[in-house]
Amino acid sequence: MAVYTDITEIDLKQFLSQYDVGELTSYKGIAEGVENTNFLLHTTKDPLILTLYEKRVEKSDLPFFLGLMQHLADRGLNCPLPLPRNDGELLGELSGRPAALISFLEGMWLRKPEAKHCREVGAALAKMHIAGEGFEIKRPNALSLEGWVSLWQKSADRADEVETGLQDEIAGELDFLTTHWPKNLPAGVIHADLFQDNVFFLGDTLSGLIDFYFACNDMLAYDVSICLNAWCFEKDGAYNVTKGKALLEGYQSVRPLSADELAALPVLARGSALRFFLTRLYDWLTTPEGALVVKKDPLEYLKKLRFHAHVESVADYGISGEPA
Ligand SMILES: Nc1ncnc2c1ncn2[C@@H]1O[C@H](COP(=O)(O)OP(=O)(O)O)[C@@H](O)[C@H]1O
Ligand SMILES: N[C@@H](CCOP(=O)(O)O)C(=O)O
């Protein structure tokens, strides 16, 4: 559950009076999500999402996130649109937090995605990468190699509490990735967290992408590797080659990957598995019992990391290493 900050009706009505959104008829906190507090608002006009940005989001990054959603929506991507206040500002303040109103996206996230959905996700990710071209604001990826090293330093001493031997294994992984991390692959704006709960479907049709609060500039193929990890493994930890093939083919139907990007996928996937392992491990070790947020299992990502460490080429993901 992620409602970290409560609001009063009086404060909310005062906040809404700065927008042209009609009269408030009801509001309720949304239990899902990890990073921010979200409320669903009904008004005499359209339904809306109110997001209060919590401590882990840097206020200085908000113009990037909100501007990006506007840029992508302007280029035809189905994603939420931040609503301007009457004075043109996209960002306000509520209950002591930076706050924004964003448009409500219809659809639901899939609990049991199939290969056909993975194909759509691949295509939507590639469309996002293309739609992101020309976005002026830059945001380096704070959760790439350097960020992993500092995150690891905060957890390393206690890692063996989660599984014996982890301290040495992860230190070895970081060394490997530091030596082998690709350079000079095509880069641009990436979503960086396109998990199942951030992709909405209406029936079997993808209706939109949400949650751009990890978006940043990085290698486009790294984003593909994040999706492989998030969408193409089964609950028992097995890689599903049919889903992987569908996701990669869907992506390449819109933006073909170069031979260098294809060759780099195993190491990128190893890195992205480590990235989610590290944030989950940190949360696992530091989130107090009883906190109103569901802790995610770091070991799920350790298994994925070990899988990628044994991948020999992109063929193991279900497609040939030849560019499409
Ligand atoms: N624009 C939107 N339209 C509809 N529902 C949304 C929208 N934004 C967020 N939500 C709902 O709020 C939940 C949490 O949002 P999310 O952005 O993933 O939060 P967090 O950044 O805290 O992870 C989503 O799973 C979804 O149910
Ligand atoms: N997707 C990440 C956690 C971030 O959660 P989100 O609700 O912001 O998508 C993970 O699974 O570790």
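## Terms and model

A residue is called buried when its relative accessible area is under 20%, exposed when that area is over 50%, and partly exposed in between (1.4 Å probe, protein chains only). Helices (H or I, at least four residues) and strands (E, at least two) are DSSP runs, numbered from the N terminus.

The model is predicted, and local features need pLDDT of at least 70, side-chain atom pairs count only at pLDDT 80 or more, and totals for chains, interfaces and linings use all residues. Residues are numbered from 1 along each chain as its sequence is written, chains are lettered from A and ligands numbered from 1 in the order in which they are written, and side-chain values use heavy atoms, with hydrogens and water left out.

## Helix H7

At the start of H7, a side-chain oxygen of Asn240 comes to within 3.0 Å of the backbone nitrogen of Thr242.

The buried residues of H7 are Lys243, Gly244, Ala246, Leu247, Leu248, Gly250, Tyr251 and Gln252. These buried residues pack against helix H3 (115-131), helix H6 (220-231) and helix H8 (259-286), where contact means heavy atoms within 4.5 Å.

## Surroundings of ligand 2

Gly33, Val34, Asp193, Phe195, Asp197, Asn198, Asp211, Phe276, Arg280 and Lys296 surround ligand 2, each with a heavy atom within 4 Å of it. This shell divides into 3 nonpolar, 2 polar and 5 charged residues. Here Ala, Val, Leu, Ile, Met, Phe, Trp, Tyr, Cys and Pro count as nonpolar, Asp, Glu, Lys and Arg as charged, and the others, Gly among them, as polar.

Polar contacts are pairs of N or O atoms within 3.5 Å. A nitrogen atom of ligand 2 is 2.7 Å from an N or O atom in the side chain of Asp193. Oxygen atoms of the ligand are placed 3.0 Å from an N or O atom in the Asn198 side chain and 2.9 Å from a polar side-chain atom of Asp211. Taken alone, ligand 2 exposes 340 Å², and the protein buries 94% of that (Shrake-Rupley method, 1.4 Å probe).

## Positive phi angles

Most residues other than glycine have a negative phi. Asp211, not a glycine, has a positive phi of about 65°. Asp211 lies in the loop between strand S8 (205-209) and strand S9 (216-219), and is partly exposed at 25% relative accessibility.

Asn184 also has a positive phi, near 70°. Asn184 sits in the loop between helix H5 (166-180) and strand S6 (187-190), and is exposed, with a relative accessible area of 79%.

Note on methods
Polar contact = N/O pair within 3.5 Å; in protein donor to acceptor, adjacent residues only side chain to side chain.
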